[in-house]
Amino acid sequence: MVTAAPPLYVASPRPRPRAAAVRHLGPNWYATVMGTAVVATAGAALPAHVPGLRLVCGAFWALSLALLAALLAARALHWRHHRDQARAHVLDPATVPFYGCLAMALVSVGGGTLSVGRDWIGADAAVALDAVLFCAGTAVGLAAAVAVPYLMAVRHRVEPGQATPVWLLPLVAPMVSAAAGPRLVPHLPAGQARETLLFACFALFGVSLIATLVMLPVVFARLVTRGPLPLVLTPTLFLVLGPLGQSTTAVGTFAEVAPAVVPAPESRGVAVLAVLYGVPVMGFALLWLCLALAHVVRARRHGMGFAMTWWAFTFPVGTCVTGAEALARHTELVAYEALATGLYVALVTAWAVVAALTVRGLVSGELLAAPRSAPLAPRPATGRTT
């Protein structure tokens, strides 16, 4: 009598419907939290007084907190029921940089808690929640800043022609912590605790700035030598604004808290740094904004449709708003006040458009469907001559 051989494996049960819905939910979805939170923090610091704006900013902070909680739960389901897909994301050089978005989402919501969330939950609870989110986000950000470049060097196989601004995401995360951390300094005991946090934020500033200066030439060289990015990735050009605006915000924040932490000569030096660093960097940010806009207009003419990469129109622009606000406070120039207000109007407009399209994509199920190949940009009509 011949018996059937035992199976080599036992098929795993099909995921439950609620888990199946998050199979293709990647870490890039944390960009929705970042883009929503920055509307709150940037609006709360606007130099112009707009009646009811603070209440609206508080509503955006509450929405960002709800989005963060929902995405953390959904991503936990993703890792529990779709570990194969989660591992595939880690091994995909196009997806793994988005783990920097998790860190930035945590820190951004925490910063919004201290700036406007305290109106809703009280000052003590706001400080406690911000401290937790800041510590968690900073830890994740530093881990991503090390792990992602390591994976790209050891496990991934990437070429210079594959470089995109997405590679900057894990490197920008420490800069977001550097800009948000000083707000916690006044809530610490005077002395060693305050100095430690302030200088730790300075260190985070240096980590992110130097890493960005190393990576940005690679991205720019790819853009110049290989032509425009694929249509779906064109909005990611706005990601370059992130380290520029956030670093300007960071040095401005350092200058505001330094007088209560370090001696007068050093604090005055930090105030000078805020202007001498922020003015030229913000100038380059405006130059890059014009370049990125030109590429986006071209991509739209060639058929660029909506994708989650459109959330790059929100958070990076928001960092330029906060950077312009910092310069307005330190220089007292009306020009920077007008720049901050104009960029904030653009930020809110972009958020409204992208959020509406995201909701429509969720309702239709298209955004949670299996990814499709990205359409490449068409070849230029004229060839290069020699």
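How are α5 and α6 oriented to each other?

## Two neighbouring helices

This is a predicted model. Start with helix α5, which covers residues 99–121, and helix α6, which covers residues 123–154. Their axes come within 8 Å. They cross at roughly 170 degrees. An angle over 145 degrees counts as roughly antiparallel, so α5 and α6 are roughly antiparallel to each other.

What kinds of residues make up the contact of α5 with α6? By class, there are 18 nonpolar, 7 polar and 2 charged residues.

## Salt bridges

How many salt bridges does a search of the whole structure find? The search finds 4.

Take R23 and D84. Their side chains meet in a salt bridge, with 3.0 Å from N to O. R23 lies in the loop between α1 (17–20) and α2 (30–44), while D84 lies in helix α4 (residues 83–90). The pair therefore ties together parts of the chain that are 61 residues apart in sequence. Buried or exposed, or in between? R23 counts as partly exposed, at 25% relative accessibility. D84 is also partly exposed, at 46%.

Next comes R54 with D119. In this salt bridge the closest N and O atoms are 2.5 Å apart. R54 sits in helix α3 (residues 53–81) and D119 in helix α5, so this pair ties together parts that are 65 residues apart in sequence. R54 has a relative accessible area of 34%, which makes it partly exposed. D119 is partly exposed too, with 47%.

R183 and E256 form another salt bridge through their side chains, at 3.2 Å from N to O. This pair links distant parts of the chain, 73 residues apart. R183 is in the loop between α7 (169–180) and α8 (192–226). E256 is in helix α9 (residues 241–257). R183 is partly exposed, with a relative accessible area of 38%. E256 is partly exposed as well, with 29%.

Which residues do salt bridges with shared partners join into one network? They are R183, E256 and R329.

Most residues other than glycine have a negative phi. E332 has a positive value: its phi is near 60 degrees. Where is E332 found? It is in the loop between α11 (315–331) and α12 (334–364). E332 counts as exposed, with 67% relative accessibility. The cut-off for exposed is over 50%.

## Along helix α12

Helix α12 also holds A346. This residue is partly exposed, with a relative accessible area of 40%.

Definitions and conventions. Residues are numbered from 1 along each chain as its sequence is written. This is a predicted model: local features need pLDDT of at least 70, side-chain atom pairs count only at pLDDT 80 or more; totals for chains, interfaces and linings use all residues. Side-chain values use heavy atoms; hydrogens and water are left out. Axes are lines fitted to C-alpha atoms, for helices over the stretch in contact, and angles run from 0 to 180 degrees between N-to-C directions. Helices (H or I, at least four residues) and strands (E, at least two) are DSSP runs, numbered from the N terminus. Angles under 35 degrees count as roughly parallel, over 145 as roughly antiparallel, 65 to 115 as roughly perpendicular and the rest as oblique. Ala, Val, Leu, Ile, Met, Phe, Trp, Tyr, Cys and Pro count as nonpolar, Asp, Glu, Lys and Arg as charged, and the others, Gly among them, as polar. Buried means under 20% relative accessible area, exposed over 50%, partly exposed in between (1.4 Å probe, protein chains only).
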